[in-house]
Amino acid sequence: MSELLFDTQALQDALSKTALAPWAAALGQAVLAQGHGLKHGHLPRWEQAVASLPIVADSRLSVEAGNVRISGSFSEQDRPALQTAFESLMPWRKGPFSIGPLSINTEWRSDWKWNRIEVHIASLQARSVLDVGCGSGYHLWRMRQVGAACVLGIDPSLLYLMQFNAIQHFVQDKHVQFLPIPMQALPASMNVFDTVFSMGVLYHRRVPAQHLSELKQVLRPEGELVLETLIVPDQGDTSLTISERYANMRNVYELPSIARLESWVRAAGFSNVRTVSVEQTSCEEQRTTEWMPSHSLAQALARDYPALTVEGYPRPLRAVVIANREQ
Ligand SMILES: C[S@@+](CC[C@H](N)C(=O)[O-])C[C@H]1O[C@@H](n2cnc3c(N)ncnc32)[C@H](O)[C@@H]1O
């Protein structure tokens, strides 16, 4: 198995003029400490795909109709090389992206999630932002686009790191960084981020209170937490324990009601806790596409009763909770 060669000096250089500078060395060490987590049999293929991307001198990033778009003087000859490289990085779950002539229609319309969230959060202008479980990095680019000074994404998946690297190849923005580490590996008590996003991660954690405590410790006092997670539709203070799979996903442990979720957030040391969005996930927002050809939400719902998952649980319902770290 091949191992990722991570350049800690490049990370320190990139972060040197940001609020994260005092933490740059520790963040680099946190990556190196991942050991087996930096190894993957497909790594050479993914790295080759990123290395094969064309160099486009005037490439720039914009957002168009929810697409993170890379434009510039791409030539028609670039199309087959782009197609081959981006296909080597499949499956593409979070997006959409368009790179020159290539459109990547991802499994998720991640722009819909962003639209639901963006209107409720404090302006990201000049802020230092952390996105925990950032997937391909789609939302990192959206955060930077609305003025964040420095955006750090973390996710243990090396495939998602390579998807991020493919976009970063064209953007070359050192104030947007991706580290292949889980939340638990961040230096404790960083107290540095102005805004921390945790979207689609809490239900993957066996002990949700631990995740919320870790989120608090990396935020500065009064900093903003943006928490997006699966909930159950119950009105009371309750939660559903998942025994094996939920909507075909492994590693889903406990789904709270809104009341329970808010009480978890308060108990972790946050105030001003409010639920700003509750939305059932539709088969238009999450679906099979040519860039993610496997089963998606439609196959995870009971065939004759789509209000339930194939396991008989309530179908996916997602809430966004915003809160501020107490002093
Ligand atoms: C459902 S996806 C959500 C992606 C993105 N945040 C979004 O909302 O579209 C969950 C992501 O969290 C990552 N993840 C799982 N456990 C994690 C952990 N302990 N720390 C950081 N990321 C984690 C997974 O690799 C995956 O990319």
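Trainee: Of the residues around the ligand, which come nearest?
Mentor: This is a predicted model, in which local features need pLDDT of at least 70, side-chain atom pairs count only at pLDDT 80 or more, and totals for chains, interfaces and linings use all residues. Residues are numbered from 1 along each chain as its sequence is written, and side-chain values use heavy atoms, with hydrogens and water left out. A residue counts as near if one of its heavy atoms lies within 4 Å of the molecule. Of the 17 residues around the ligand, those that come nearest are Lys113, Gly133, Asp155, Met183 and Met199.

Trainee: How does the shell around the ligand divide into nonpolar, polar and charged residues?
Mentor: Ala, Val, Leu, Ile, Met, Phe, Trp, Tyr, Cys and Pro count as nonpolar, Asp, Glu, Lys and Arg as charged, and the others, Gly among them, as polar. The shell divides into 8 nonpolar, 5 polar and 4 charged.

Trainee: Which residue has a polar side-chain atom 3.0 Å from a nitrogen atom of the ligand?
Mentor: A polar contact is a pair of N or O atoms within 3.5 Å. A backbone N or O atom of Gly133 lies 2.7 Å from a ligand nitrogen, and a polar backbone atom of Met183 is 2.9 Å from a ligand nitrogen. The side-chain atom at 3.0 Å belongs to Gln184.

Trainee: With which residue does the side chain of Glu107 meet in a salt bridge?
Mentor: A salt bridge is a side-chain nitrogen of Lys or Arg within 4 Å of a carboxyl oxygen of Asp or Glu, and the whole structure has 13. The N to O distance for Glu107 is 2.8 Å, and its partner is Arg93.

Conventions
Polar contact = N/O pair within 3.5 Å; in protein donor to acceptor, adjacent residues only side chain to side chain.
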